[in-house]
Amino acid sequence: MNGEPATTGRQFVIEREHFDQLFELLARKGYRVVGPRIRDGAIVYDQVNSAADLPAGWTEEQEGGKYRLKRREDEALFGYAVGPHSWKKFLHPPNVRLWQAMRKEGSLEVQEEKQEVPKTAFIGARSCELHAIAVQDRVFMNGPYLDTSYRLRRDSVFIVAVNCGCAGGTCFCVSMNTGPKATSGFDLVLTEALEEGRHYFVAESGTETGAAVLAELSQRPAEDREIRSAEEVVARTAGQMGRTMDVSDIKGLLYANYEHPRWDNVAARCLTCGNCTSVCPTCFCTTVEDVTDLSGQKAERWQKWDSCFTMDFSYIHGGSVRSTPKARYRQWMTHKLATWIDQFGTSGCVGCGRCITWCPVAIDITEEVRAIRESDFRRTKRDRHGDTGTDSG
Amino acid sequence: MPQKPKVAVWKFASCDGCQLTLLDCEDELLALAGEVEIANFAEASRAIAKGPYDLSLVEGSITTPHDAERIHQIRRASKFLVTIGACATAGGIQALRNFRNVNEFISIVYATPSYIETLSKSTPIAEHVPVDFELRGCPIDKGQLLEVISAFLNGRKPNTPRHSVCIECKRRGVVCVMVAHGTACLGPVTQDGCGVICPGCQRGCYGCFGPKETPNTRSLSGWFGDLGMKEQEIVRVFRTFNAGAEPFRRESEAHEH
């Protein structure tokens, strides 16, 4: 095809029966295709070979500390919200060997790690997840130090986003202004529509690569009626958010409340297990482990996902800086919602709700913010002094 | 050629499973034998070399007056002493005796109770002598054992993190059995190291590696109650191989009425 593909910036309809072509086409173009599939009672992200691998007709019920798969009344392929995995596992893998070294005649020979990154297509990325990827892009690629291996993986990805057709019980992307409609960061975006015996996707490309893929699929320009249907799907989802979070002056709120009694309350419940940070699609912290073999001839350095909930995380000479669970929870939440903004110019939270669902004891970040806001130190101080004037900041 | 470090393996009240982990090293066994002299390892050889020993691996808990003496001799003969397994680090399953009167068991179990000389409690080695490093697990993990020996041989700190099992479950992409299935799991209060064997097979963690750093057993127990577990069941989940480990002991006692 010459010049810009005819499909750029316009909406097209792909019928459900032609949807398999997407998988065949991506495979033909050399992509490893990963997407949602059911495993061990959850919808996880893993290799998918065709639409038959997708969780057709399944959704989930999500609450604090609870996730259960549930049958839908239709055969929707993307009729769920988000599961325990995020795309972070592909772009920022949990275990990466950074280098190896061999002892050779009294000196060390360091071997650089070979970077072999397969071209990968993500199927079904949600708007909150695209925002999460954008957050990690800033962390790994836009700071003073470029993470070259992240860059390599990031550049090898083709993203097929899906606008959410339903919200989970712990979703709050509307509060975070990160969804449910995908607006950028994708090559292709789909909205799944099921109506009166019809099952189709309204598709739009976000990049030229996406447009080229779309052009090769069986599609036709969407009719106004179909475009309206797709818009209704997203609007309906936006009205279904299981959670909300008031983020107005969130930095001011948290910075003024370091000593709020709520931190003791949450610390009594927090297991410091690190689940919230592991499932969070933006949490990026790692540790390095140096290992040697028995003979001492070979050494390796591994990078592994870490968590600010461990004692080792803040260990410096003499001990851990954040030895109490209170200090660790406060650090995590304050970083996620407030200091992240100072550091990266954006919130670290995209409202996906994973930290709420996958916390074994149902600690809810939206509830913690609400509790602090309800008895904000600044307000209670004003109340004490009988000051009814406007906030001086 | 410099002399190879002398390694000795010692047994107290235990099942031998942890020291057998050393033989289970199979692929690495020859490499290990090349780096150290196995000076005392009854499970592998009757040849016993005299001390002092550079590294002693001690398995088992102290349950008899005789053993309480013997561990001091071993400590004196060892430059570096590492305890291996739940028995040696927490008193083992036999620490269940600590919650009852041991004389009652003896009178029921043995035909001639007067022959039995035992202590009222099963205690970890560290309660008797200074210990340089404790390797957790019931049994210990082979990879962690090799890591500790490699670290010892290379003069570095071993990578045996004290964080939760959850951290490793998530690195491996294992679906949380508690959140997704409602299965009670000790993972959030248990130290990582086993390679998430049970959650990896969709079972709850049994806590074989003992309490993690800063374990919040109280909060987790509250959640077990919400999942429908009865008080006596909560007592039992904390009373297995690491029943004597302080945080697990305290938690089980809090639910015993």
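Reader: Hi! Taking two strands as paired if DSSP finds at least two bridges between them, how many bridges does S4(B) share with S5(B)?

Author: Hello! This is a predicted model, and in it S4(B) pairs with strand S5 (residues 133–135) of chain B through three bridges, in the parallel sense. One position to look at is Val82(B), which stands opposite Phe133(B) in S5(B).

Reader: Nice. Is S4(B) mostly covered or mostly open?

Author: Mostly covered. S4(B) spans residues 78–84 of chain B, and five of its seven residues are buried.

Reader: And how does S3(B) run relative to S4(B), parallel or antiparallel?

Author: Parallel. Strand S3 (residues 53–59) of chain B is joined to S4(B) by six bridges. Leu55(B) is partnered with Phe80(B) of S4(B).

Reader: What lies with those two strands in the β-α-β unit, and which hand does it have?

Author: Helix H3 (residues 65–77) of chain B. Together S3(B), H3(B) and S4(B) form a right-handed β-α-β unit.

Reader: Which strand is joined to S3(B) by five bridges?

Author: That is strand S1 (residues 6–11) of chain B, and the two run parallel. Within that pairing, Trp10(B) sits opposite Val58(B) in S3(B).

Reader: Let's hop over to chain A. What order do the strands take in its sheet of eight?

Author: The order is S3-S2-S8-S9-S10-S11-S1-S12 (chain A); the sheet is open and its pairing is mixed. The edge strands are S3 and strand S12 (220–221) of chain A, each pairing on one side only.

Reader: How do S2(A) and S8(A) pair?

Author: In parallel, with three bridges between strand S2 (residues 32–39) of chain A and strand S8 (residues 120–125) of chain A. There, Val33(A) stands opposite Ala121(A) in S8(A).

Reader: I've got my eye on Thr191(A). Where is it placed?

Author: Thr191(A) belongs to strand S10 (residues 188–195) of chain A.

Reader: Why does Thr191(A) count as buried?

Author: Because its relative accessible area is 6%, and buried means under 20%.

Reader: What does the Thr191(A) side chain make a polar contact with?

Author: With the side chain of Asn163(A), at 2.9 Å. Leaving aside residues up to four places away in sequence, Thr191(A) also touches others, including Tyr200(A), Phe201(A), Val202(A) and Ala230(A). Val233(A) and Val234(A) are among its contacts too.

Reader: Last topic, the interface. How many residues of each chain are in contact?

Author: 49 residues of chain A contact 35 residues of chain B. The two chains bury about 3200 Å² between them, with 53% of it on carbon and sulfur atoms. On the chain A side, Asp40(A), Leu271(A) and Leu294(A) lose the most area to chain B, together 22% of what that side buries.

Reader: How many salt bridges are there between the chains, and how many residue pairs in polar contact?

Author: The salt-bridge count between chain A and chain B is zero, while 23 residue pairs are in polar contact across the interface, both residues at pLDDT 80 or more.

Reader: Which element supplies the largest share of the chain A side?

Author: Strand S13 (286–292) of chain A is one of the elements that supply at least two residues each, and S13(A) gives the largest share, five residues. Helix H9 (262–269) and strand S14 (298–305) of chain A are also among the elements supplying at least two.

Notes:
Residues numbered from 1 in each chain as written. Chains lettered and ligands numbered in written order. Predicted model: local features only at pLDDT ≥ 70, side-chain atom pairs only at ≥ 80, totals over all residues. Heavy atoms only, no water. Buried < 20%, exposed > 50% of the residue type's maximum accessible area, 1.4 Å probe, protein only. Helix = DSSP H or I, 4+ residues; strand = E, 2+ residues; numbered from the N terminus. Pairing = 2+ DSSP bridges. Right-handed = clockwise from strand over helix to strand, strands pointing away. Polar contact = N/O pair within 3.5 Å; in protein donor to acceptor, adjacent residues only side chain to side chain. Contact = heavy atoms within 4.5 Å. Buried area = accessible area lost by both parts, 1.4 Å probe. Salt bridge = Lys/Arg side-chain N within 4 Å of Asp/Glu carboxyl O.
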